[in-house]
Amino acid sequence: MQLYVCYGTFRSPRPGGHPCGNAYRALREAGHDPQVKRAYGLGPLPDFLQSPARRTIKRRTGSSWVPVLVTDQDEWISGSKEIIDWAGAHPAGAASS
């Protein structure tokens, strides 16, 4: 399992926290240990200015924004809320994860 993030999984004073960190913590709390991949850059930049990781993300999801989770079944899940929901529904060790 891989989790693409912007620059890290840090906590943020921003209201609601940082989306990448929120997704990472939800996966960890569900018992997962994702490989964190940094997709440096910024979502709204034009494609030619994006990092290779963000170009890959856009090819697979249609968007350059992170966080994005790639499950062991090669399912690409985009967005912190969607990743948090997925982690809650797929705890580590469950037959469907």
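Residues are numbered from 1 along each chain as its sequence is written, and side-chain values use heavy atoms, with hydrogens and water left out. Because the model is predicted, local features need pLDDT of at least 70 and side-chain atom pairs count only at pLDDT 80 or more, while totals for chains, interfaces and linings use all residues.

Helices (H or I, at least four residues) and strands (E, at least two) are DSSP runs, numbered from the N terminus. S80 belongs to helix α3, which spans residues 80-89. With a relative accessible area of 17%, S80 is buried; buried means under 20% relative accessible area, exposed over 50% and partly exposed in between, with a 1.4 Å probe and protein chains only. Apart from neighbours within four places in sequence, S80 is in contact with P19, A23 and P67, where contact means heavy atoms within 4.5 Å.

The axes of α1 (residues 19-29) and α3 come within 9 Å and cross at roughly 5°. Axes are lines fitted to C-alpha atoms, for helices over the stretch in contact, and angles run from 0 to 180 degrees between N-to-C directions. The two helices, α1 and α3, are therefore roughly parallel to each other (angles under 35 degrees count as roughly parallel, over 145 as roughly antiparallel, 65 to 115 as roughly perpendicular and the rest as oblique). On the α1 side the contact involves P19, N22, A23, A26 and L27, which meet S80, I83, I84, W86 and A87 in α3. The residues of this contact divide into 8 nonpolar, 2 polar and no charged. Here Ala, Val, Leu, Ile, Met, Phe, Trp, Tyr, Cys and Pro count as nonpolar, Asp, Glu, Lys and Arg as charged, and the others, Gly among them, as polar.

The buried residues of α3 are S80, I83, W86 and A87. They cover an arc of only 125° around the axis, so they lie on the same side of α3; the arc is that of the directions from the helix axis to the C-beta atoms. An α-helix has 3.6 residues a turn, so residues three or four places apart point the same way. K81, D85, G88 and A89, on the other side of α3, are exposed. The cover over the buried residues of α3 includes β1 (2-5), α1, β3 (68-70) and β4 (76-78).

In α2 (52-61), the buried residues include A53, R54 and I57. These cover an arc of only 95° around the axis, which puts them on the same side of α2. P52 and R59 are exposed on the other side of α2. The buried residues of α2 pack against β1, β2, β3 and β4. After α2 comes G62, whose phi is positive, near 90°.

D47 lies in the loop between β2 (35-38) and α2 and is partly exposed, at 39% relative accessibility. Leaving aside neighbours within four places in sequence, D47 is in contact with R55, K58 and S64. D47 and K58 are 11 residues apart in sequence and 8.7 Å apart in space, C-alpha to C-alpha.

A search of the whole structure finds 0 disulfides, a disulfide being a pair of cysteine sulfur atoms within 2.5 Å. The sulfur of C6 is 3.7 Å from the closest cysteine sulfur, in C20, and this is too far for a bond. C6 is buried, with a relative accessible area of 11%, and C20 is buried at 2% relative accessibility.
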